[in-house]
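Here is a note for a colleague who has not seen this structure before. The points are numbered so that they can be checked one at a time.

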Amino acid sequence: MSLEPRAPAAVEPASICLDVLLSLGRHGLTQRPRRADLDARALEMALTFQHKGKPGNTTLSCWHAGPAEQDTEIALRAYLGMGLPSIRWMHMAPAGDALAPLHEALRAPVDADARLVLCGMHAEQGEGSGLLPIALAERLGWRWVPGVVAIEAIEPISSGVAQAVVLQALPRGQRRRIAVRLPAILGVEAAAPAPRQSAFGPARRGQLLQLDSGAEPPTDPAGATWPFMPATPRPKRLKIVTSANARERFKAAAAKAESGSGRVLEQVSATEGATAILDFLDAEGVVSRAAVTNARQGNGR
Amino acid sequence: MSATLFYGSLTGLVLAALLLALVGAARRFLLWRRGRPSPVAWLGGLAAMPRRYLVDLHHVVARDKAFAHTHVATAGGFVAAAGLLLLVTLAPLPAGGEMVLTGLMLVMSLVMLGGARRVARRRRRPPSRLSRGPWQRLPRSLTVFAASVAGLSLIMLMVTWLPAAWLTGVLGGTLALVLLAGLALGLGEMFLGMTWGGPMKHAFAGALHLAWHRRAERFSTRQSDRDGVSPRSTGLKPLDLDDPDAPLGVETSEDFTWNQRLGFDACVQCGRCEAVCPAFAAGQPLNPKKLIQDMVLGMTGGSDAGFHGSPYPGKPLGEHRGQPGGPMVVTSGGALVDADTLWSCTTCRACVEECPMMIEHVDAIVDMRRHLTLEHGATPGKGAAVLDNLIATDNPGGFAPDSRMHWAADLNLPLMRELGQVDVLLWLGDGAFDMRNQRTLRALVKILRASQVDFAVLGDEERDSGDVARRLGDEATFQRLARDNVATLSRYGFQTIVTCDPHSFHVLGNEYAAFGGHYCVRHHSTFLDELLQQGRLKIAPRPRSRVTYHDPCYLGRYNGEFDAPRRVLAALGIELTEMARSGFRSRCCGGGGGAPVTDIPGERRIPDMRMADVAEVEADVVAVGCPQCTAMLEGVVDRQAEVRDIAELVAEALVLEESVSEASSTATGARRRPRQTGHPGRLVEEASQ
């Protein structure tokens, strides 16, 4: 499926507020501090959108919540080098949870017709679970769109309500165009355009606005006890083709993984859909049989 | 015309021209001074200027013998004739003395006339490297000036003998008027044009450029003549990164130092740079001559439509314009130079080497690149990725730093970390990650072991020298790498650093001094030459097919090493077939200055042209001494010649004594090896135990 490029919105809201959440990155080989790749892509997306639109229409603010550690400034300055005037840095205790201060910062109403928050799908260090934006969206009551690779337009749909038209990445290079009612949080995917080069001059000049996050954010006592280890890529499932025929083996290697085993459910009730998903998870061994049974019983009640 | 009127108008003309020229000179000087400060020895420079002109400048001009003679006659005749003209007309002199000087003036103006005619002959069908426009008019102006001065001198000599009525007669009066008119024209070109921006500007600005050159150490002195060294100054100047107000490179023309601006004005548009520039020949959008003229437009403003030489390939004239205080490089909207012009440069220094006016093109290009990279983050092509890799992994390829020694897993190389003190530190360079260069490195290690050199490597502690980062304009990353490498090297004791990478050689030897690193660095060809001369290397010379040698820019032009590689090859029994462009005129392989990374498209590829040079002399083997050159030349499709590093050729011809070969093959491991030994006997003993 290929999508025709979409013309930019004919009418833009008078003012758009973009927020980008930035985390600290680490290079995979040397563990040196750097900008996190996905967050840098989110920032690139925001900067591109700001540059494309009417000048002065879009305000961009960047946020980082975290403790002041040795490498923090190096990593944040790498973002500043992309041409940001400043980053707002909310200080936190080392074991603090970034959710509360970010929620506090984004909750404050802004004087804009459209509000959009961008961040990478997951962080490069720490838990890296990718749960933060989901939790944040839930707490704010905003929409959450994962896997975004482009913002095509932001347009007003009725007075005081705007929507964003974004491209979402699907497996094997497929794209889906969706419209999301704002405010929303967009999770930016690795397939989004690569971030621009970080330059020394702007990185040195840019300001790190140190903010006090107010009340001490709740710490994460469970997380403190977790052992952390370097992540390794998930092993791929081997597809063993036993054929003496080279052509067959080549075809098997070159062919895309078949998706024939899937099932398309259309116009089914929520219960049927949930049952199908649970059955699949059970078959894959993701949830235990007992949990499935419990869930079914709960459902039936 | 009465004699009084004649003398009066003559004096008036000369005086007016002189005064107007002085006003122009002052204005031009103030224009240059709008650049950034650069301390110079004001009087010392002026005192050294005649020597720099007569020795260093003439040394470059004299590569074209015929034109050198022309230039000596024209310029020498002009300086002498003009000086005498000022003396005779403006200084109160006794009559006898005036006669002698006038006679001399006649002779000198005739010499100049001869020169001017030869200039005119060259201008009849000028080669494409020469500029036209006002430059075509110059030989006529020279002729008019020289002929008028000669005629006037003749009249001044004759009035003493001829009756006074002669000058007042119709014939004499007309002649005097014509000659005075000719003098006025000539003075307009030669005096006013010099300081108000005519072609003769090159003489005025050129002389001051020589006096207040930014790299005064480039020029020979009596001392350097006595020592028999030809001084070079090729290391880039560091940026001050500690001062947040200092500009990061050059954005506007005013960000150049004032004497760089003076240097741009010195250009005589002879086009020697254009003739040797590999990027220009490849059809990439760079012409060093045009670039310098664009730099002049940056000072004075105006469109480049007034340029009368070859444009940047693929970029018509008249589309770019300069503005004092405005941006030099097109980032958005109109400006003077497109960024791809700057990124086409391979920093091979061929233009600087050829420039008779000693202009530093490469400095200016890197200054503007610095602004693009450090302020705009606009390094093109794979440049940004390479810089990110250097920042994160200390090597341009982004390889894991602890895999730097994987190529030598079986060699058991002695590590600096374990020995602490050796004679020779072998600097591997980033070629350690490149499978082709690993063959060269293995050959070099084999030679070092065979000649029982006490050496060690830094291993994983080595970082990229910072060469590519610096030439891509990322001075911050370069300085970080330089400081880290200097800190590592300061922990160990060694006498010499030997490397097979001329880029590392240049940076370690010439550019680390600003960061506290002073080392004795040898390119491996120099070191092998020394080993051969000391008799520590036994080789069996054998006849070979036709071999030619490609001089790496960073070894030859940057560091003046042309002879050692040739001596080593001669010792191998190789009779070199030299290419037309070899030695200081060697054509770049296209691999320097980050050019393969930025990869600006052109009509041809630079390495293809170099391999065509090799094919022209029908060589079967081209000997090289640089990992970049090896990679570039080996990448040429359908090449007829084999590309071999000097180390590989030496290693092939090596005569291994039985015990030594055993010593080198049975792992003279770092731990088994006694510390601080260079004694061959003990080494062999240990190994044979």
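1. Chain B is divided into domain 1 (3–213), domain 2 (247–376) and domain 3 (386–655); such bounds come from an automatic or database domain assignment. Residues are numbered from 1 along each chain as its sequence is written, with chains lettered from A and ligands numbered from 1 in the order in which they are written. This is a predicted model, in which local features need pLDDT of at least 70 and side-chain atom pairs count only at pLDDT 80 or more, while totals for chains, interfaces and linings use all residues.

2. In overall terms, chain B has 30 helices and nine strands. Helices (H or I, at least four residues) and strands (E, at least two) are DSSP runs, numbered from the N terminus. Along the principal axes, the C-alpha atoms of chain B fill a box of roughly 110 × 55 × 45 Å. Of the 689 residues in chain B, 51% are buried. A residue is buried if 20 or more other C-beta atoms lie within 10 Å of its own, exposed if 12 or fewer, and partly exposed in between, with C-beta atoms placed from the backbone.

3. Contacts in chain B can also be sorted by sequence separation. Among those between residues at least 6 apart in sequence, 77% join residues at least 24 apart. Two residues are in contact if their C-beta atoms, placed from the backbone, lie within 7 Å.

4. How far apart do the C-alpha centres of domain 1 of chain B and domain 2 of chain B lie? The distance is 30 Å. Across this boundary, 28 residues of domain 1 of chain B are in contact with 27 residues of domain 2 of chain B. On the domain 1 side, α1 (3–32), α2 (42–61) and α8 (201–211) of chain B each supply at least two residues. The largest share of that side, seven residues, comes from α8(B). By class, the side of domain 1 of chain B that touches domain 2 of chain B has 13 nonpolar, nine polar and six charged residues. Ala, Val, Leu, Ile, Met, Phe, Trp, Tyr, Cys and Pro count as nonpolar, Asp, Glu, Lys and Arg as charged, and the others, Gly among them, as polar.

5. Two of these helices also pack against each other: α2(B) and α8(B) have axes 7 Å apart, at an angle of about 110 degrees. That makes α2(B) roughly perpendicular to α8(B). Angles under 35 degrees count as roughly parallel, over 145 as roughly antiparallel, 65 to 115 as roughly perpendicular and the rest as oblique. Axes are lines fitted to C-alpha atoms, for helices over the stretch in contact, and angles run from 0 to 180 degrees between N-to-C directions. From α2(B), the contact uses G45(B), L46(B), A48(B), M49(B), R52(B), Y53(B) and L57(B), and from α8(B) it uses A207(B), L210(B) and A211(B). By class, this contact has eight nonpolar, one polar and one charged residues.

6. D363(B) lies in helix α16 (residues 361–376) of chain B. Is D363(B) buried or exposed? It counts as buried, because it has 21 C-beta neighbours inside 10 Å. Leaving aside neighbours within four places in sequence, D363(B) is in contact with L236(B) and Q260(B).

7. Helix α17 (residues 383–393) of chain B is largely enclosed by the rest of the structure, because ten of its eleven residues are buried. Among the buried residues of α17(B) are G383(B), V386(B), L390(B) and T393(B). The cover over the buried residues includes β3 (33–35) of chain A, together with α20 (467–471), α21 (475–489) and α25 (595–598) of chain B. After α17(B) comes D394(B), whose phi is positive, near 65 degrees.

8. The contact between the chains takes 13 residues from chain A and 14 residues from chain B. On the side of chain A that touches chain B, the largest share, three residues, comes from helix α5 (residues 200–205) of chain A. That side divides into three nonpolar, six polar and four charged residues.

9. Chain A is assigned domain 1 (16–225) and domain 2 (246–300). Taken over C-alpha atoms, the centres of these two domains of chain A are 33 Å apart.
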